[in-house]
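Keep the viewer open while you read.

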Amino acid sequence: MKYPRIELAHLDNLWFQVTGTLCNLACTHCFNSSGPDVKTFGFLSPDAVRRELEEGARRGVRDVFFTGGEPFLHTQIAEMLEASLEFAATTVLTNGTLINDRMADRLAAIERHARYSLEVRVSLDSFDEGTNDAIRGAGVFQRVMATVARLSRRGLLPLVTVVHTWSDAEEQEILPGFVRILRQAGYDRPRIKILPALPLGRELVRLAGAHDEPWVTEEMMQGVDPDLLMCSNSRIVTDRGVWVCPLLVEKPDARLGDHLADAASGYELAHRACFTCYQYGTFCSNVNAGIEGAGALAAPGERSEA
Amino acid sequence: MQRLALFGGIYSNHRALAAALDDAARRGVDAVYCLGDLGAFGPYPDRVFPLLRRSGVQTIQGNYDNSLALGLPDCQCGYTDPRDNHFARLSYDYTFRNTSAENKAWLGTLPATLRLEIEGVRLLLAHGSPRKMNEFLWESTSPDPFLNYLLDEAQADVLCVTHTGIKWHRPLAGSRHVVNVGVLGRPENEGTTRVWYTLLTISRASVDVEFVPVVYDHLALAADMQAERLPPEFIETIVTGWWTTCLEILPHKERARGQF
């Protein structure tokens, strides 16, 4: 089968898998199977991060993202966020369990002094404590709510990210439910971002075969703006080289080079997770290109240049 | 020396448009440019068109104009939040119903970008960004290296855009500038009811950027909106100067400055 090939149009989004796959939690839907003993990928050093930030800046990068694993397991995460904000708007994706008062103070100070936006994306999977903790681990809900309150007290407005794991019947109550509990926790203007679950890593085990995403075909790409796919505008730096996108770090064919400078080649959409990206648009970014994604917009001839 | 007045995002605010055009005329500007999104949000969309034509405003197409011209089912605003999309839908449906076929056809004739060369300065005018009509160029998420990349690609010294609803200016090395010219349609989430346009003064290869506040009869606009039964949330923004909708697309810095 021939897969559509997507060229890197421009490096808008530079990702760092800053703590590899090391995480203090082991969520049941984790797409890269991160966890306490998972050392598929290791930590990045601040020097390695700075070198690639400089390369990213040479390429006109717009947004930088720090993910893992859990980024706050890195003792120098604050310094790296500060360095990154010299170059671009910066987002850190965290499970929210390791941000204490001291770290919250530090993040607020970094944000205040930065020219560009710092986004703290905190994961939460249900407004119901039991449901959340069944996915993310015992006691996590309470720790995350404390972190959200801690950040919002300091003027930081975390983006609460929620992986879509509920049924259609529950759809209507989800957003109001999150708004309610976040307000109760003292976050009076909650920002919430819903992400699709990805048929990758530990989520595949959770799904136990009950998923049927097709591959993306060349025909499906007809009339579709490739910018809706991460691979046309993103790369991720790990301690083992540079991969095409954050989702495919466990796929050897998605490794494009040792460094950012040699990872600009195109990529063939050879995985089922590519369909999730196709379906929902570049949902990994803070502002999606369109929540409905390329698949929903793909009426050929109707698409404008916008 | 040449002085240009630029604005975007009229959002059917015919009263602010009239006030801004009067102000620019009083200042004796050489030309006036509109960077698109004539409709949305406000009342009586057809009232904007004769004002633009009468003043000879050179206009480019925004995503709203593109959608109306092509009869698309939505405004291509680029929102991602269900509540934002709910209000975008109300606004688009109202504007679609109340824009004449003739005006929709005229929107279809507008260019997506406009290039100017004034006293050796190369300017590019676009709605969102040069590469995408509905790309948001916010001040806090448009770093210098990225803006230089856009200018390189566009082979321009000055890039003027709108679309976000909040103005900003970034001078860059080599006498380059990127300006988000702001919008006339609604106040920019700062708790005052004024709106903004931009004056560019180009003189011997140097570019001066000035943002001009426009005070207009916002209470009359609110009454117009009420008469047209537009959502109370929209009217609240006109009257208070705080955004109540379209908030989820704001990056952290811009969001933190607002009240909601």
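Start with strand β5 of chain A, residues 118–123: 6 of its 6 residues are buried, so the strand is largely enclosed by the rest of the structure. Keep in mind that this is a predicted model. L118(A), V120(A) and V122(A) point one way from β5(A), while E119(A), R121(A) and S123(A) point the other way, and all of them are buried.

One more step takes you to strand β3 of chain A (residues 63–67), which pairs with β4(A) in the parallel sense over 4 bridges. Here F65(A) is the residue standing opposite T91(A) in β4(A).

So what is the order of the strands in the open sheet of chain A? Its 9 strands run β7-β6-β5-β4-β3-β2-β8-β9-β10, with mixed pairing. β7 (191–196) and β10 (255–257) of chain A are the edge strands, each pairing on one side only. From one strand to the next, the twist averages 30 degrees. Further along the order, strand β2 (residues 13–17) and strand β8 (residues 234–238) of chain A pair in the parallel sense over 4 bridges, and N13(A) stands opposite S234(A) in β8(A). Helix α2 of chain A, residues 77–85, packs on this sheet and touches β3, β4 and β5 of chain A. The direction of α2(A) makes about 150 degrees with that of β4(A).

Here are the strand pairs with their bridge counts.

| Strand pair | Sense | Bridges |
|---|---|---|
| β3(A) and β4(A) | parallel | 4 bridges |
| β2(A) and β8(A) | parallel | 4 bridges |
| β1(B) and β9(B) | antiparallel | 5 bridges |

Now for a helix in chain A. In α4 (residues 129–136), N132(A), I135(A) and R136(A) are buried. Looking down the axis of α4(A), the buried residues fall within an arc of 80 degrees, so they line one face of the helix. What do the buried residues of α4(A) pack against? Their partner is α5 (140–153) of chain A. Just after α4(A) comes G137(A), which takes a positive phi of about 120 degrees.

With 19 C-beta neighbours inside 10 Å, D227(A) counts as partly exposed, because a residue needs 20 or more to be buried. D227(A) and G281(A) are 54 residues apart in sequence, yet 8.5 Å apart in space from C-alpha to C-alpha.

Zooming out, chain A comes to 10 helices and 11 strands. Its radius of gyration is 19 Å, close to the 19 Å that the globule rule gives for 306 residues, so chain A is as compact as a globular protein of that length. The C-alpha trace of chain A spans about 50 × 50 × 40 Å along its principal axes. Of the 306 residues in chain A, 49% are buried. Among contacts in chain A between residues at least 6 apart in sequence, 73% join residues at least 24 apart.

Over to chain B, where an open sheet of 5 strands has the order β3-β2-β1-β9-β10 with mixed pairing. β3 (58–59) and β10 (206–214) of chain B stand at the edges with a single partner strand each, so one side of each is left without a neighbour in the sheet. Strands β1 (residues 2–7) and β9 (residues 195–203) of chain B run antiparallel, and L6(B) has T198(B) in β9(B) as its bridge partner. Helix α1 of chain B (residues 14–26) packs on the sheet, touching β1, β2 (31–34), β9 and β10 of chain B. The direction of α1(B) makes about 135 degrees with that of β10(B).

Finally, the interface: 28 residues of chain B are in contact with 25 residues of chain A. On the chain B side, α3 (63–70), α6 (144–154) and α9 (252–257) each supply at least two residues. By class, that side has 14 nonpolar, 10 polar and 4 charged residues.

Key:
Residues numbered from 1 in each chain as written. Chains lettered and ligands numbered in written order. Predicted model: local features only at pLDDT ≥ 70, side-chain atom pairs only at ≥ 80, totals over all residues. Contact = placed C-beta atoms within 7 Å. Nonpolar A, V, L, I, M, F, W, Y, C, P; charged D, E, K, R; others polar. Buried ≥ 20, exposed ≤ 12 C-beta atoms within 10 Å, placed from the backbone. Arc of directions from axis to C-beta. Pairing = 2+ DSSP bridges. Axes fitted to C-alpha atoms, helices over the stretch in contact; angles between N-to-C directions. Rg over C-alpha atoms; globule rule 2.2 N^0.38 Å.
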